[in-house]
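Colleague: Please take a close look at one part of this model and say how it sits against the rest of the chain. I would like the cut-offs stated where you use them.

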Amino acid sequence: MNTSEFLSLLKQHQDKSLLFEYTKGKLVGANYHITEVKNITIESVDCGAGTDFWKETIVQLWESPKEIGKTEYMSAYKALAILNKVDRMKSMTKEAEVKFEYSNAEFHTAQLFVDDYALDSNTLTFKLSVQKTDCKAKETCGVSEKSEKTVAEEACCAPESGCC
């Protein structure tokens, strides 16, 4: 989901509570805050010497230990106000993918992408997911779709493989 689509959903559903499902069946606590918004530019070189460039918007979610037990979630209206203020200060690239940085005691820090969202009469819930790492130079590295599941075992980027 790009930043513009995310902001549009918040605007359309300002009256709803804003929830984030960080893994199936587990929600970010109602005590969360938006603590940082990062406008990221990524310039990369993959193991096949291919270059790439893209932008991302990273919204950091943090659960306040002072508000454990809180049951009322942030509204989409409040989140939109925060993000609009950020945008006035440091413009967000609206076409950039939006991701959410989050962790808790049982879940490692990760940048999660929006896999889906759900609406009901009171809530707007974004269903987040972890994106697995991947070899972007499969053809150069000689990785077939069949062997992709065993890349670690076969050491795709071994010195004799032609990549790296």
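Modeller: A residue is called buried when its relative accessible area is under 20%, exposed when it is over 50%, and partly exposed in between, using a 1.4 Å probe and protein chains only. The model is a predicted one, in which local features need pLDDT of at least 70 and side-chain atom pairs count only at pLDDT 80 or more, while totals for chains, interfaces and linings use all residues. Residues are numbered from 1 along each chain as its sequence is written, and side-chain values use heavy atoms, with hydrogens and water left out.

First, the setting. The protein chain has four helices and seven strands, where helices (H or I, at least four residues) and strands (E, at least two) are DSSP runs numbered from the N terminus. Their order from the N terminus is α-β-β-β-β-α-β-β-β-α-α. Of the 164 residues, 36% count as buried. A contact here means heavy atoms within 4.5 Å. Among the contacts with a separation of 6 or more, 63% come from residues 24 or more positions apart.

The part I have picked is helix α2, residues 76–89. Its 14 residues reach 20 Å from the first C-alpha to the last, close to the 20 Å expected at 1.5 Å a residue; the expected span is 1.5 Å times one less than the number of residues. The buried residues of α2 are A76, A79, L80, L83, V86 and D87. Down the axis of α2 these buried residues fall within an arc of 120°, so they line one face of the helix. The arc is that of the directions from the helix axis to the C-beta atoms. Turned away from the buried side of α2 is a face with the exposed residues Y77, R88 and M89.

What does the buried side of α2 pack against? The partners are α1 (3–12), β1 (17–23), β3 and β4. In the packing with α1, residues F6, L7, L10 and K11 of α1 meet A76, A79, L80 and L83 of α2. The two helices pack at an angle of about 135°, their axes 8 Å apart. Axes are lines fitted to C-alpha atoms, for helices over the stretch in contact, and angles run from 0 to 180 degrees between N-to-C directions. Angles under 35 degrees count as roughly parallel, over 145 as roughly antiparallel, 65 to 115 as roughly perpendicular and the rest as oblique. α1 and α2 are therefore oblique to each other. Their crossing is left-handed, a label that applies if the near helix is turned anticlockwise from the far one by less than a right angle, with clockwise giving right-handed.

Helix α1 can be described in the same terms. T3, F6, L7, L9 and L10 are its buried residues. Seen down the axis of α1, they fall within an arc of 160°, so they line one face of the helix. K11 and Q12 are exposed on the other side of α1. The buried residues of α1 pack against β1, β4, α2, β5 (97–104), β6 (107–119) and β7.

T123 is in β7, residues 123–130, and is buried at 17% relative accessible area. Apart from neighbours within four places in sequence, T123 contacts K16, S17, L19 and A118. In β4, which packs against both α1 and α2, K55 counts as partly exposed at 35% relative accessibility. Beyond four places in sequence, K55 touches I40, T41, T93, A96 and E97. K55 and E97 are 42 residues apart in sequence and 7.1 Å apart in space, C-alpha to C-alpha. T51, also placed in β4, is exposed at 66% and touches S44 and V45, leaving out residues up to four places away.

Two loop residues complete the account. A49 is in the loop between β3 (32–45) and β4 (51–63). A49 is exposed, with a relative accessible area of 61%, and has a positive phi of about 70° although it is not a glycine. A137, in the loop between β7 and α3 (138–141), is buried at 6%. Not counting residues up to four places away, A137 touches D46, C47 and G48. A137 and C47 are 90 residues apart in sequence, with their C-alpha atoms 6.4 Å apart.
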